[in-house]
Amino acid sequence: MQPIANRMLNYLQPQMYAKFTMLANQKGCINLGQGFPNFPSPQMLRDALSEEAQTESLQYTMTAGHPKLLNSASQFFEKQIGCKFNVDKEIMVSSGAQAVLSCVMQGVLNPGDEVILFDPAFDLYRPMIEFQGAKHIGVPIIPKKLNAKQDILKRYKNGKFDYSNDDDWNLDFNYLERVINKKTKLVLLNSPMNPIGKMFSTEEYNQLADILDRYPQVVVCEDAAYHHITFGQYQPFNYPRCITHPRLKDRTVCVTSAGKMYSATGLRIGFAVGNEEIIKGLKAAQTYHIFCLNPVIQTATAKCLDQTQDGKYFNSIRDLYEEQANMLLKGLVDSRLNMNYWVPQGGYFIVTDISNIQIPEKYFNDNGVRLTRDFAFAYYMINEFGVVCIPCSPYYENKQLGQNYVRWAFCKTTETIQEAINRLK
Ligand SMILES: Cc1ncc(COP(=O)(O)O)c(C=O)c1O
């Protein structure tokens, strides 16, 4: 008997994040691996959850989302990004951005379709694409240069890095031109990016739109899970986006996460907004999967959206994350690890290049299997420094391209970041 579907066979091992969090707990490490905030979620969310638990119905609610949440989300988006989405047709709620993305894959892709990703791409995209019998193609984003300690410190003044440099990571448009074709059904991009913290510029979206003009069948999925964490010149929610780009918005579905917005990754509420025809497919996917979400959690989230519609809360959250990013990046630069660095423009993470680092040979061996450098480095960090980071090769189609990069999460308390810095000194 083989009770497991073939498409699942490559994915039976625990996910990398769960594995590294487990190791962090077992070995008493500082966990800068998994991207969850380790500070308390806002009291307003806890209050809303208790209030709604007493009053909200616990019966099935609408598949697309509880009407109160759809209304609140629609008003929030209108206020914050200036787009008015029709509550009945252009917006949907699912169980976190992850389930929304799964609905996108199910709702948009046919077997044999091709999906373009920009590498390094969040590693859950690839299995989701494969589960639909579709094919993923990674277009690399190339670092313009490796910034050694002295280079990156030129961008550090008065306790802050200069976050306004758009040129750290460049999208390879020639590569995109070579791989896009009539079978391409979806272009999936993420801004601010997990893991590198890049945000796409208006010029990059213009170039993308020029290319996509020749491929009318292509849907764009903008994963904006971190749309409220934008540094330097960019304001929360208001930065170059596909969903507001005049030539991309009609073919875009934009995915966001209330869990990320309220620093509560266990909340499991995510949104899709965009073109009615695309959202129709997502709703159908949801109907035959989870059917609907927990109403209490939805109406509590609606209350939070109403209370934070003026954006003040998100300005303070952005400032907090920017401070943590400055602190961690300076700590990494001053550590005894001789790495190369980039300044993230948003999100939860910093990526560093480890090509200069001598990793003891024993960390390359995993029960007879030779590991890539990023994994060997992560085990070296866990065992000899007591700090967890995340290897980046899983974010690449071509794993070799990612084997010199690792990811460090700064969505952590000052005490946690300080302790990691102390251990890396
Ligand atoms: C880029 C990106 N998209 C989507 C998600 C999923 O978000 P959620 O926790 O709302 O499912 C994550 C979570 O880490 C992410 O990093």
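## Close-up views of the predicted model

**View A. Pro195 sits in the loop between strand E8 (184–190) and helix H8 (202–212).** Helices (H or I, at least four residues) and strands (E, at least two) are DSSP runs, numbered from the N terminus. The model shown is predicted, so local features need pLDDT of at least 70 and side-chain atom pairs count only at pLDDT 80 or more, while totals for chains, interfaces and linings use all residues. Residue numbers start from 1 along each chain as its sequence is written. Here, a cis peptide bond joins Asn194 to Pro195, with omega about 15°.

**View B. Asp119 and Pro120 are also joined by a cis peptide bond.** Its omega is about 10°. Look for Pro120 in the loop that runs between strand E3 (114–119) and helix H5 (125–131). As background, most peptide bonds are trans, and most residues other than glycine have a negative phi.

**View C. Asn158 has a positive phi, although it is not a glycine.** The value is near 50°. Asn158 belongs to the loop between strand E5 (156–157) and strand E6 (160–161). With 4 other C-beta atoms within 10 Å, Asn158 is exposed. (Counting other C-beta atoms within 10 Å of a residue's own, placed from the backbone, 20 or more means buried, 12 or fewer exposed, and in between partly exposed.)

**View D. Ser263 has a positive phi of about 45° without being a glycine.** Its loop connects helix H9 (258–261) with strand E11 (270–274). Ser263 is buried, with 20 other C-beta atoms within 10 Å.

**View E. Lys144 and Trp169 have C-alpha atoms separated by 5.7 Å.** Along the chain, the two residues are 25 residues apart. You will find Lys144 in the loop between strand E4 (135–143) and helix H6 (149–153). Lys144 is exposed, with 12 other C-beta atoms within 10 Å.

**View F. The ligand is surrounded by 14 residues.** A residue is counted here if its C-beta atom, placed from the backbone, lies within 6 Å of the molecule. The closest are Gly96, Ala97, Gln98, Ala225 and Ser257. Helix H4 (96–108) and helix H9 each supply at least two residues of this shell, and H4 gives the most, with 3 residues. By residue type, the shell has 3 nonpolar, 9 polar and 2 charged members. (Ala, Val, Leu, Ile, Met, Phe, Trp, Tyr, Cys and Pro count as nonpolar, Asp, Glu, Lys and Arg as charged, and the others, Gly among them, as polar.)

**View G. Val104 is one of the residues that touch the most other members of the largest nonpolar core.** This core has 131 residues. (A nonpolar core is a set of buried Ala, Val, Leu, Ile, Met, Phe, Trp, Tyr and Cys residues joined through C-beta atoms within 7 Å.) Domain 1 (6–41 + 313–424) and domain 2 (45–310) both give residues to the core, so it lies between them; the domain bounds come from an automatic or database assignment. Leaving aside residues up to four places away in sequence, Val104 touches Cys221, Val253, Val255, Ala272 and Leu282. (Touching means that C-beta atoms, placed from the backbone, lie within 7 Å.)

**View H. Domain 1 and domain 2 have C-alpha centres 23 Å apart.** Their contact takes 40 residues from domain 1 and 52 residues from domain 2. On the side of domain 1 that touches domain 2, the elements giving two or more residues are helix H12 (312–333), strand E12 (340–341), strand E13 (349–353) and helix H14 (399–402). H12 provides the largest share, 12 residues.

Conventions: Contact = placed C-beta atoms within 7 Å.
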